Amino acid sequence: MKNIKNITIAAISGMMFLTIPSAATANDPGGCFMVTSSGKTVSLRSLCGTTTAPSSTPTVFKVPIKRRSGKTPIIDVTFNGTQTFEMVFDTGATGILITEKIAQALNFQPSGRVKARIADGSIVEFKTGRVLTIGVGGALVNNAQVAVAPKANIGLLGHGFFEQYDLKISKNTIEFIPR
């Protein structure tokens, strides 16, 4: 049994939200740079042989927002390239939470468990494991860690999915920009 401390689960409008803390990551300035004594990052591309910007810009993956629950976007998420489910897109959550229905449809095989305290103060145990792929509008994460919420009606897509992307959330779309 795996225990992770400081997990937060909140129930809002009948939905359950899971937050698993993760380490903060900084933006990658590329392979040729220096940091000044004042903390400023300075590019050294001209010294390293790269004098122009890369010839192609990263692909931006645009995903339509199907609807909102309160003000939180609901989007379609594809698992293992074949099965699509609606999920809450939550920038405040660090993990990925799937429902029992999603787990059954994917023939999910748990490999661990985690205990977490939920909003009402009770402690709930979640099955955990990995999913081969999770995709949203062309943005893709391989071998993603997920937890299964026994009573959730809808899944939750948090930082475990989009931590390698910069995000732009508009009225009707979410953009994933690879870092």
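Residues are numbered from 1 along each chain as its sequence is written, and side-chain values use heavy atoms, with hydrogens and water left out. Because the model is predicted, local features need pLDDT of at least 70 and side-chain atom pairs count only at pLDDT 80 or more, while totals for chains, interfaces and linings use all residues.

I turn to the overall picture. The protein has three helices and 15 strands; these are DSSP runs numbered from the N terminus, helices being H or I of at least four residues and strands E of at least two. Of its 179 residues, 35% count as buried, where buried means under 20% relative accessible area, exposed over 50% and partly exposed in between, with a 1.4 Å probe and protein chains only. Among contacts with a separation of 6 or more, 53% are between residues 24 or more positions apart, a contact being heavy atoms within 4.5 Å.

What does the largest nonpolar core contain? It has 29 residues, and those with the most contacts inside it are Ile75, Phe79, Ile98, Ile134, Leu157, Phe161 and Phe176. Such a core is a set of buried Ala, Val, Leu, Ile, Met, Phe, Trp, Tyr and Cys residues joined through side-chain atoms within 4.5 Å. Strand β12 gives the largest share of this core, five residues. Apart from this core lies another, of 13 residues, among them Ala93, Ala147, Ala149 and Leu156. Leaving aside residues up to four places away in sequence, Phe79 touches Phe85, Met87, Ile98, Ile102, Leu106, Val131, Thr133 and Ile134.

Next, the aromatic residues. The structure holds seven aromatic pairs. Rings of Phe, Tyr and Trp (its six-membered ring) pair if their centres lie within 6.5 Å; planes under 30 degrees apart count as stacked, over 60 as edge-to-face and the rest as tilted. Phe79 and Phe85 form an edge-to-face pair because their ring centres are 5.9 Å apart and their planes stand at 65°. Both Phe79 and Phe85 are buried. The pair of Phe161 and Phe176 is also edge-to-face, since the centres are 5.8 Å apart and the planes are at 90°. Phe161 lies in helix α3 (residues 159–162) and Phe176 in strand β15 (residues 173–178), so this pair ties together parts that are 15 residues apart in sequence. Phe161 and Phe176 are both buried. Ring pairs also link Phe61, Phe89, Phe161, Phe162, Tyr165 and Phe176 into a cluster.

Strand β15 leads us to a sheet. This open sheet of three strands has the order β5-β15-β14, with antiparallel pairing; two strands pair if DSSP finds at least two bridges between them. Its edge strands, β5 (61–64) and β14 (165–169), each pair on one side only. Four bridges join β5 to β15, and Phe61 stands opposite Phe176 in β15.

Finally, some individual residues. Most residues other than glycine have a negative phi. Asn107, in the loop between α2 (100–105) and β10 (112–118), has a positive phi near 55°. Asn107 counts as exposed because its relative accessibility is 57%. Asn143, in strand β12, likewise has a positive phi near 55°. At 45% relative accessibility, Asn143 counts as partly exposed.
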